[in-house]
Amino acid sequence: MIENLLNYDTDLFLFLNNLGSPTWDNFWLMITNKFIFGSILGLVLFYLIYKKFGLKALLLFILVTALMITFTDQITNVFKRGFARPRPCGEADLIDRMRFIAVRCGKYGFFSGHSSNSMAVAVFGGLLLRSYYKNLIFILCFVSLIIAYSRIYLGVHYPLDIICGLTFGAFSGFIFYKLAQYLFVKYINND
């Protein structure tokens, strides 16, 4: 059963990965760059939070966001080391059948840190601002899906790595949203 699932995962990876072309490679490399794309997304979200909640709340939400990213990143690493599933770019029998354009491969890939972090931010930010921008969560989740797909495009994650990363990220974003709500009521809205 598990072996069949992994075979389907590999077949889907090869199909999606081979849809790429050199024309689009730089675009997907930019999308996956967490410093470029993450910084732009973070600045936009922090600006919207500042505009709606003020400076004290922004500082609180930055702290919670930092904790959330650290949490999702570290749990992702625990899973990667625990499952020890090699990335597709690390599989000798796949390398000739796939496109690998990432800067580096990494050792293990289950589950995707880019997917979990981006979805956590999407859910957290979307829920936090939903009473002001009702469609923002959908836009942020769409951006997260694009970031997640970039990992397949580059050849560093299987679709199952992405799906599990997105699921864990959504769960983490919701939990940290609840934490932020509690802290906001206790320390900011209490003034």
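In this predicted model, helix H4 meets helix H5 through a set of residues made up of Phe61, Val64, Thr65, Met68, Ile69, Thr72, Asp73, Thr76 and Lys80 on the H4 side, with Gly113, Ser116, Asn117, Ala120, Val121, Phe124 and Leu128 on the H5 side. Sorted by class, that contact holds eight nonpolar, six polar and two charged residues. The axes of H4 and H5 come within 9 Å and cross at roughly 150°. Angles over 145 degrees count as roughly antiparallel, and H4 and H5 are therefore roughly antiparallel to each other. The crossing itself, with H4 passing H5, is right-handed.

For context, most residues other than glycine have a negative phi, and most peptide bonds are trans.

Helix H6, spanning residues 136-154, packs against helix H7, spanning residues 159-188, at an angle of about 150°, and their axes are 9 Å apart. That angle makes H6 roughly antiparallel to H7. Here the crossing is right-handed. H6 brings Ser144, Leu145, Ala148, Arg151 and Ile152 to the contact, while H7 brings Pro159, Ile162 and Leu166. In terms of class, the contact of H6 with H7 comes out at six nonpolar residues, one polar and one charged.

Rolling a probe the size of a water molecule over the atoms shows where empty space is left. The largest pocket has a volume of about 1,100 Å³. It is lined by 42 residues, and those closest to its centre are Thr32, Lys34, Phe35, His114 and Asn117. Asn117 also turns up in the contact between H4 and H5. Helices H2 (22-32), H3 (36-53), H4 (55-83), H5 (113-128) and H6 are the elements that each give two or more residues to this lining. By class, the lining of the largest pocket splits into 19 nonpolar, 15 polar and eight charged residues.

The second largest pocket has a volume of about 300 Å³. Of the 15 residues lining it, Ile2, Leu6, Thr10, Arg85 and Tyr158 are the closest to its centre. Helix H1, which covers residues 2-17, supplies the largest share of this lining, with five residues. The lining of the second largest pocket divides into nine nonpolar residues, two polar and four charged.

Methods. Residues numbered from 1 in each chain as written. Predicted model: local features only at pLDDT ≥ 70, side-chain atom pairs only at ≥ 80, totals over all residues. Heavy atoms only, no water. Axes fitted to C-alpha atoms, helices over the stretch in contact; angles between N-to-C directions. Helix = DSSP H or I, 4+ residues; strand = E, 2+ residues; numbered from the N terminus. Parallel < 35°, antiparallel > 145°, perpendicular 65-115°, else oblique. Left-handed = near helix turned anticlockwise from the far one by under 90°. Contact = heavy atoms within 4.5 Å. Nonpolar A, V, L, I, M, F, W, Y, C, P; charged D, E, K, R; others polar. 1 Å grid on protein atoms, 1.4 Å probe; cavity = no way out; pocket = protein on both sides within 12 Å on 5 of 7 lines; lining within 4 Å. Points joined across faces, edges and corners; volume = space filled by probe spheres on them.
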